[in-house]
Amino acid sequence: MNVLPPSILQSPQEHPRFIEQAVCPSLDFARILLIKDKFGIDDYLAKNIKGLSKQEAAANRNSYKKNICIDMLRQGYHKSFSELFTLIQKWNALREAAGPGSAIWQQKSLEEQPDKLDQLYHFLTRAEAAQRAGHYEEVYDNQLNLACCFNDPEDKWLRNYFYEQCFNTAQLVKIDGEKRKAQAHANMGLINEEQGHVMKAAEHYEAFYQLTEGLTWKDETGHTYNSLACEHLWRIYTLLADKMLENKEHQQAIKTLIKALKMAKEGGDKKMEGEAEYCLSLAYHFAGEQETALSVLNTSVKIFTELCDSAGLGRAYAAITKILASQRKADETIKYLEEFMKTAEDAHLSQGLVDACVLLGNFYNEKGNYNKAFEYFSQASEAARTSNNLALVDETKTYCGIAKAHKLMVAFNSHIEAEDPISLKYLLAWKENGSDMCADPLTVELDTETSASKPL
């Protein structure tokens, strides 16, 4: 169970683009000759029987996989053939292990997907040719292109296989200032993080950081490698700290989150820095260091305010409210929340305004001031309507309903506790007219008499 917000701990969905992905040309040598069923073969033979060579006849009888394998062997790419054959066997083994009814069981096998076989043929043979020539940087680039080809969820095992091959090859490249080695560490870090091997991922990210420190290498999106390394280290240190907090290792978590904050600042991303400050404040709070926690939270509030980050402000002010409430500082709590409300109004942050009003409403609701709570919940509901967020509107309506029920409960309980005829009349009148509040019984009686005296 996460102690820190799951949204902060979420791993990236994609690997960074370190190279422009090469396009695999269509393999006409086999695709044109591939005929997939008996009727197709008969049709082809009827039209072309006179000019059919032995090779063409064999190609028409063979599967696309077999044609590709034969071509690899003809051209002397024995290593590529062996690797392709091993990958197909691995896919079949994974399918058998998963069994009927599994997702992989419903998919086509690798040998039945010509487009993927094309990619494998093209880049495996290019990598083998480069390896023979001792050009390991080209071997790496072809393996990396293969890893980038297989991004679909069902192909993740293939992607990971080629990233591992890239990592091994990168150790042999000597002419690029260890640029490819840095890329390989980043990709292996992401694979390990995805698989839950957090410590191993941290080791790869630290190596990525050390190899890129002070350098200006950039990925295809324009981000420097070092800023990516800082981002990965911030996230993985935060994830490690989350495990420590879960195990009540508060001081160790604080040290780790200070390292995460350092990475966030060095990475130059203010959003990341604000989140790092926020997570560090929670660690101080759990460690019982409330004043330090408040100080760090105030820093995160400043950053989120500069960024107009409603979600960040909402979380930070909620944490401040919790700490101040635990210290029984009611006036200070109200002051902070009203400041949040004003900030949200000034910056036209509808989500922030809703959060501020809900926090104020909850504060007054817990204090038993239900009229004030209802007032703020109503403001939250109004702000939610302007945002056109139906889920938020429904949520704020629920808060309004809770405050209304509490208001009614006070009046109802007072009449029950009085135990006199007048109070009983109040309750009976309320029961009959079904209004939100207990009505004055004299007024109800007068209304009843008046309506009874009217002619039909």
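Reader: What makes the pairing of Arg180 and Asp141 a salt bridge?

Author: In this predicted model, the side chains of Arg180 and Asp141 meet at 3.1 Å, N to O. A salt bridge is a side-chain nitrogen of Lys or Arg within 4 Å of a carboxyl oxygen of Asp or Glu, so the pair qualifies. Arg180 lies in helix H11 (residues 179–194) and Asp141 in helix H9 (residues 136–149), so the bridge ties together parts 39 residues apart in sequence. Helices are DSSP runs (H or I, at least four residues), numbered from the N terminus.

Reader: Why is Arg180 called buried?

Author: Buried means under 20% relative accessible area, exposed over 50%, and partly exposed in between (1.4 Å probe, protein chains only). Arg180 has 17% and is therefore buried. Asp141, at 21%, counts as partly exposed.

Reader: How do you know that Glu193 and Arg235 form a salt bridge?

Author: Their side chains meet at 2.8 Å, N to O, which is within the 4 Å cut-off and therefore a salt bridge. Glu193 belongs to helix H11 and Arg235 to helix H13 (residues 225–246), 42 residues apart. Glu193 is buried at 5% relative accessibility, and Arg235 is buried at 3%.

Reader: How confident is the predictor, in mean pLDDT, about the protein chain?

Author: pLDDT is the predictor's confidence in each residue, from 0 to 100; the chain mean is 85. Over residues 439–456 pLDDT stays under 50. Where pLDDT is low, the predicted coordinates should not be read in detail.

Residues are numbered from 1 along each chain as its sequence is written. Local features need pLDDT of at least 70, side-chain atom pairs count only at pLDDT 80 or more, totals for chains, interfaces and linings use all residues, and side-chain values use heavy atoms, with hydrogens and water left out.

Technical notes:
Contact = heavy atoms within 4.5 Å. Helix = DSSP H or I, 4+ residues; strand = E, 2+ residues; numbered from the N terminus.
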